[in-house]
Amino acid sequence: MENYEKKWTNLWLKYEKRADAGNFCFCEMVCVQGFDEHNTIISNALKEFAKGIKGMLGITPAVVTGIPAKGIWIAKVADAIVPNEGFHLKTEAERIVMEASDENGVLYGIFYLLRQIAMEKSLAGLNIKERPAIKNRMLNHWDNLDGSVERGYSGHSFYFDNNKILISERTVDYARFIASIGINGVVINNVNVKDAATYLITPTYFNEVRQLKEIFAGYGVKLFLSLNFAAPLELGGPDSADPFDEDVISWWRGQIALVYEALPDLGGFLVKADSEGRPGPFTYGRTQADGANMLARLLDVHGGMLIWRCFVYNCTQDWRDRKTDRARAGYDNFIQSDGDYHPNVILQIKNGPMDFQIREPVSPLIGGLKKTNQMLEVQIAQEYTGQQIDVCYLIPMFKEVLDFKYCGSSEKIFDVIKNIGFVAVTNTGDDENWTGNDLAAANLYGFGRLAWSVSLSAEEIAEEWIRQTLSCDEEVIAVVKKILLSSRDTFEKYTCPLGIGWMVTPHYHYGPSVDGYEYSQWGTYHRADHLGIGVDRTDKGTGYTGQYQEPHKSIYNNIETCPEELLLFFHYVPYKYILKSGKTLIQHIYDTHFEGVMEVEEMIKAWNRIEAKLPADVFAVVTGRFEQQLNNAKEWRDHINSYFYRKSGIADEKGRKFY
Ligand code: GCW
């Protein structure tokens, strides 16, 4: 393992001294029965327990063979009793009995206990049964082999540098962190697979990928690779990537066999095809299903999964064309092949139809597909939501998506994906604190916890994270919780109004540029003129509302019933339109933009009040980010308000300053 020059923090696994809460007795001994102690996951779990207990309670648990009267007794049971990955915990006097049917369950059970101790909660009287709510709980890294991270806001990659794979103690710590929140799959490289990354499926990188794979496997995490659909052309294979071409198929067959010989148990591949310049089956007049199935059949032989992204749209649109609608693209490109996908294909679908904006409706493709494996993709890298400068706790948004009753019955998006998967484009890099802004780590933590335990509230998750990472002090908990829980609404208030999205600096996606994408090729328009703003996506406009099932089709189609937070996403609305609050649309835009800035000022005041109770390094970093956030919020306020004042000529009722 290489030495890693940079320092890194321990995120929520700090294992600092904790008030005992009567937990000593349970931690003095640990006995494992029915599992092989030398199994890597089991031995990692025991190591973790020892490390955590030493740090938090100052004792070293003895590993014993007999069932301890005081301590933890880990016992293997059948999966009919405790499902795989799950655990049962029961306190019996001074002993905790942990039952699990597989090693992952033990690991998660240990992390559960460590979390309780870190939160200063008592282990007395435990009687709990946990199992993951969602089957595949994954992270996608958009890391490039040269060490850059696409849409990365926390330094460079800790996997790659200068076309080499990095393996160090930092990698091991990363595997511990993500296992502690229940993540069981990672894709290590960017979905835009170019240059050296195409060679990850060749012997050039097999040794290092194998080492990474094994580190992760030791923490119950499967490793996946993003694949270049045009690999045959780039790696000296046939001069085509046509999924119906026999030479292409046999090239892939050979290559995939080579990969699995070197990397047995590789989870599989993730593919972004026919999108934003990436090659794909459309080039050869084939469907997305044709492309996915060709690879999936070959992978199936080795037990691999093929994850295929649905982010396929025309990125060379003409802004003058008001009929073509980027929001329609996912559904239009995939719905007709519903049921045609090979069983080991999973379609990975972004939460909204556009691209990770602060407010979007839920994609009609999820749950619109009836006979296809679907996995929900969200982005905790804050590309459009403040880039880990501005605080924006996204768990409330993710919960809204999971809870969305897409077809009117009680069936939710969660029900569609629970047996398949939930994936986040992750927000980590090689910054000392991993996520740029320390508060952004709440999104990483929260994503994992939510995927594990979907019934946890955004507030409960925030509190867990604060207690483990910052402090168990009640004032700190209250202040930081309030900051996190209000942050998404605040961000939305000072940025783009009522679901319209975009209005960001092109390419960088931070800071305001109202018309930055208005006359471009990307299909991301707000259509503001002197009378109103918004995109008509109704049956009289682009027809996008027709992709929804009832009741949403009708609800969204009608301006009177459309949820106001999405009004401009679905409708072109005059500035003088009266909202439910009694305010005109334009006054709402002005008011929310002033409020957004004021709320950031409030957050900063509250944060400053708890300085003495916070770790000094965290206080300093977050304070610096808050200063930038306040500037950003003011920029947005003044751009948006001045822009719409100039467009509409309508004065602010409160006579505030515009430019
Ligand atoms: O939001 C867009 C990003 C691209 C990204 C793409 C995708 C990896 O701006 O940087 O490419 O989404 O999701 O594929």
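Start by selecting P551, which sits in the loop between strand 17 (532-533) and helix 14 (552-557). Helices here are DSSP runs of H or I with at least four residues, strands are E runs of at least two, and both are numbered from the N terminus. Most residues other than glycine have a negative phi, and most peptide bonds are trans.

Before going on, a word on what you are looking at: this is a predicted model, where local features need pLDDT of at least 70, side-chain atom pairs count only at pLDDT 80 or more, and totals for chains, interfaces and linings use all residues. Residues are numbered from 1 along each chain as its sequence is written, and side-chain values use heavy atoms, with hydrogens and water left out.

**Two positive phi values**

Jump to A93, in the loop between strand 4 (87-92) and strand 5 (95-100). Its phi is near 55°, a positive value in a residue other than glycine. A93 is also exposed, at 73% relative accessible area. For the cut-offs, buried means under 20% relative accessible area, exposed means over 50%, and partly exposed is in between (1.4 Å probe, protein chains only).

Next stop is E120, in the loop between helix 2 (103-118) and strand 6 (127-130). Here too phi is positive, about 60°, although E120 is not a glycine. With 33% relative accessibility, E120 counts as partly exposed.

**Two buried threonines**

Pick T198 in the loop between strand 10 (185-187) and helix 4 (203-217). T198 is buried, at 2% relative accessibility. Show its neighbours: leaving out residues up to four places away in sequence, T198 touches V193, N228, A231, E234 and L235. A contact means heavy atoms within 4.5 Å.

Then hop to T490, which is found in helix 13 (residues 474-494). This threonine is buried as well, with 1% relative accessibility. Which residues does T490 touch, not counting those up to four places away in sequence? They are G596, E599, V600 and M603. Draw a distance from T490 to E599: these residues are 109 apart along the chain, yet their C-alpha atoms are separated by 6.5 Å.

Select residues 441-452, helix 11. It has 12 residues and reaches 17 Å from its first C-alpha to its last, close to the 16 Å expected at 1.5 Å a residue. That expected span is 1.5 Å times one less than the number of residues. Colour helix 11 by accessibility and you will find 12 of its 12 residues buried, so it is largely enclosed by the rest of the structure. Among the buried residues are Y445, F447, R449 and W452.

Now switch to helix 7 (residues 288-300). Its 13 residues should span 18 Å at 1.5 Å a residue, and its end C-alpha atoms are 18 Å apart, which agrees. Helix 7 is mostly covered, with 10 of its 13 residues buried. Those include Q288, N293, M294 and L299. What do the buried residues of helix 7 pack against? Bring up strand 11 (222-227), helix 6 (246-262), strand 12 (268-271), strand 13 (305-309), helix 8 (329-334) and strand 14 (345-350).

Go to E432, in the loop between strand 16 (421-425) and helix 11. At 43% relative accessibility, E432 is partly exposed. Leaving out residues up to four places away in sequence, E432 touches K7, W8, T9 and R170.

**Zoom out**

Finally, show the whole chain, with its 17 helices and 18 strands. The radius of gyration is 25 Å, close to the 26 Å that the globule rule gives for 659 residues, so the chain is as compact as a globular protein of that length. That radius is taken over C-alpha atoms, and the rule is 2.2 Å times the number of residues to the power 0.38. Along its principal axes, the C-alpha trace spans about 80 × 65 × 50 Å. Of the 659 residues, 63% count as buried. Among contacts between residues at least 6 apart in sequence, 73% join residues at least 24 apart.
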